[in-house]
Amino acid sequence: MNKIYASYNNIISSLGFDSEIVVQNIQDKNSGLQLIEDKAILSQPFYSSIINSKDLYANFKTLGIEGDFTRLEHMMISSLSKVIGEAKIPINNRVGLIISTTKGNVDVLDKNSRFSKERAYLSVLGRVIKEALGFKKEAIVVSNACVSGVLSIAIAKRYINQGVYDNVFIVSGDIVTEFIITGFNSFQALSNEPCKPYDKNRSGVNIGEVAASILVTKDTNALSKEAVVVLGEGSSNDANHISGPSRTGEGLCRSVKSAIKESNITFNDIDYISAHGTATLFNDETEAIAFNRLGLNKVPLNSLKGYFGHTLGASGLVETIVGMHSLQNNTLYTSLGFSELGVSKPLNIITETTSRKLDTFLKTASGFGGCNTAVLFQKVK
Amino acid sequence: MEVLKQELKENIIEQLNLEDITVEDIADNDVLFGDGLGLDSIDALELIVMLDKNYGIKLTDPKEGRAIFGSIEVMAKYITEHRTK
Amino acid sequence: MNTKYYIKSFCQIKDNKISLNKSVIYKNEDTLDFLDFIKTAYRSFEINYPKFFKMDGLSKLAFLASEVLLSREKINTEEENNIAIVFSNKSSSLDTDKKHQESIQDKDNYYPSPAVFVYTLPNICIGEISIKYKLHSENSFFIFDSFNAEYLLEYTKSLLSTNKAKEVLCGWVEFNGIEYEAFLYLVSKEGTIAHTKQEIIKLYNT
């Protein structure tokens, strides 16, 4: 089987419109989270990381792409067009498009939206992105809760190995809407301060928004400087509860084992874990249990939710991209918001940005529906 | 209090879609969560919404809910003492 | 890579009928809306699973279609059963999305329901089936304009050939609030119908 690589990438977020700028902000411990007072979204103020619309639309204008696009489409097209431009791969029948999102253009369901309700269909979102950027084949839309972004990398790899495509572009995105915020609020899951993954005083999630894009390829001539090999991947369901994570971390453990098995490396080879760390009581506790069961409790680990908030279907992809830059820069980035361990099992949370020779990292994510995904990445040798 | 208990049983069956359970099946002191009616964490959140909507009681700590939702008896007592509508 | 895979069984739910391997196993001549139809069908199969009544329309549809196929497999939930679940549809969870949106439309007086919100993700139905049969397996939910045999075929082949799954339950589960259609099939080393694009399309269209 071919080696499959994750290569050119982009992040559109409140920390910048370019992966390098975003990573520099993370290096400097700048968070995109801020207190939002917007009664059209929630009656009380909430913490979130929101992209500045004026900057987004100004940036979009420079692309010269015409059409009547939603906010999310602006984000996705801005992000993906940049990656296509850098990768210099001609879009033909051998190039696939994956779109990963949980809720897509759900904001058009609001009675005040000027867009037709048709735009809420994820397949319509797929068609809009496909046509705006000139893809030839029908988009594969992945909507698998909060693992969507990282699962999409596994899916791209699988389609390339099946010979369906040589290259797959993934764009992942979700936006902050009244729909999402009121929903998480009804779950009493929102924190009223910047989130604190794994911390003793953590009190829930912040929801954020990003669009992120990446090229997945088997072509060694299409590698960016921070490109990585997708060593192995796996997904597993907790088979326990549709919203609460398994108390034993069963699905997460199994997904990591599946990824390890495929990659032919050992647990000792993992230099860094980019974990899910939503800062809810149960999620972080479950991860601690799973990583201890796997003997990974000494591996440096962070959650990037303190920078972006939980960006739902896009979180796994944006965090993978930061992880790639982490390897490239041989730097472990601080798990922002953490000060004192608040899970029942030990974890090696990164508390200071540290230079360290890095070769291999593990990205994990978990989501509603009991889904868990793990992917292992390694520097290109 | 008896009227409130009856109302609670009806609302719980309706709100939590307990299709095969009747008001007569729920005794005032039956445990609602775990082995009792088999309610789970989403049901607990749903009951918190019900307290707010029907009785004007706002709970912000789900753990607090667990104690209040011990049984119909306990719930009725708490509602009687704290209701604002 | 050379192992041959087959469609072991398949189930369709549409037009007030449920069929297994082309034979109608349940039909209801009454004019029922989807939710009444699926509940009546559930009752007729005598499945004792109270959680069914808490599910949204999409999950009820996916659950019952899966039940038709998996109940025949005599799955022992104490043992490892590596059956992956790969579903697809057009409308995602749109019916439930609209319910949640309606519940928050009046900004001064709203009580959004967590039990509704949790179903505003299409893959929740995969979770429901995984819980029932204790399947700690690979999951994916895809959205397409219409049934896409080729994408499903290749993804399923990938899961099987890389030993990520021993069998794959896959297909189409669509519910938009009014119209519904389920077409699920179980891909396995056993069976007689070849696991090919042509066969999948043929079965889907019957």
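Leu312(A) is buried, having a relative accessible area of 2% (buried means under 20% relative accessible area, exposed over 50% and partly exposed in between, with a 1.4 Å probe and protein chains only). The model shown is predicted: local features need pLDDT of at least 70 and side-chain atom pairs count only at pLDDT 80 or more, whereas totals for chains, interfaces and linings use all residues. Residues are numbered from 1 along each chain as its sequence is written, chains are lettered from A and ligands numbered from 1 in the order in which they are written, and side-chain values use heavy atoms, with hydrogens and water left out. Leu312(A) lies in the loop between α9 (305-308) and α10 (315-328) of chain A; helices (H or I, at least four residues) and strands (E, at least two) are DSSP runs, numbered from the N terminus. Although Leu312(A) is not a glycine, its phi is positive, at about 55 degrees. Most residues other than glycine have a negative phi.

**Asn264(A), an exposed loop residue with a positive phi.** The loop between α7 (250-263) and β10 (272-274) of chain A holds Asn264(A). With 71% relative accessibility, this residue counts as exposed. The phi of Asn264(A) is near 60 degrees, a positive value in a residue other than glycine.

**Glu233(A) and its surroundings.** Glu233(A) belongs to strand β9 (residues 228-237) of chain A and is buried, at 1% relative accessibility. Its side chain is in polar contact with the side chain of Arg158(A), at 2.5 Å. Such a polar contact is a pair of N or O atoms within 3.5 Å; within protein, one must be able to donate a hydrogen and the other to accept it, and residues adjacent in sequence count only if both atoms are side-chain atoms. When neighbours within four places in sequence are left aside, the residues in contact with Glu233(A) (heavy atoms within 4.5 Å) include Ala154(A), Lys157(A), Ser258(A), Glu262(A) and Val375(A). Lys164(C), from another chain, is also one of these contacts.

**Ser93(C), a buried residue in a loop of chain C.** Ser93(C) sits in the loop between β4 (83-89) and α3 (94-104) of chain C. The relative accessible area of Ser93(C) is 2%, so the residue is buried. Apart from residues up to four places away in sequence, Ser93(C) touches Tyr119(C), Thr120(C), Leu121(C) and Pro122(C), together with Lys103(A).

**The interface of chain A and chain C.** Here 58 residues of chain A are in contact with 53 residues of chain C. The size of an interface is often given as the accessible area lost when the parts come together. For chain A and chain C the buried area is about 4800 Å², 56% of it on carbon and sulfur atoms; buried area is the accessible area (1.4 Å probe) that two parts lose on being put together, summed over both. The rule finds 5 salt bridges across this interface, where a salt bridge is a side-chain nitrogen of Lys or Arg within 4 Å of a carboxyl oxygen of Asp or Glu. One salt bridge joins the side chains of Arg254(A) and Glu80(C), at 2.8 Å from N to O. On the side of chain A that touches chain C, the elements giving two or more residues are α4 (122-133), β5 (140-142), α5 (148-161), α6 (178-186), β9 and α7 of chain A. The largest share of that side, 7 residues, comes from α6(A). By class, the side of chain A that touches chain C has 26 nonpolar, 18 polar and 14 charged residues. Ala, Val, Leu, Ile, Met, Phe, Trp, Tyr, Cys and Pro count as nonpolar, Asp, Glu, Lys and Arg as charged, and the others, Gly among them, as polar.

**The interface of chain B and chain A.** In this view 9 residues of chain B are in contact with 6 residues of chain A. About 560 Å² is buried between chain B and chain A, 60% of it on carbon and sulfur atoms. The count of salt bridges between them is 0, while 2 residue pairs are in polar contact, both at pLDDT 80 or more. Helix α2 (residues 41-55) of chain B gives the most to the side of chain B that touches chain A, with 4 residues. That side has 5 nonpolar, 2 polar and 2 charged residues.

The whole structure has 0 disulfides over all chains, a disulfide being a pair of cysteine sulfur atoms within 2.5 Å. The closest cysteine sulfur to that of Cys195(A) is in Cys146(A), at 13 Å, too far for a bond. Cys195(A) is buried, with a relative accessible area of 3%. For Cys11(C), the closest cysteine sulfur is in Cys170(C), 13 Å away and too far for a bond. Cys11(C) is buried, at 0% relative accessibility.
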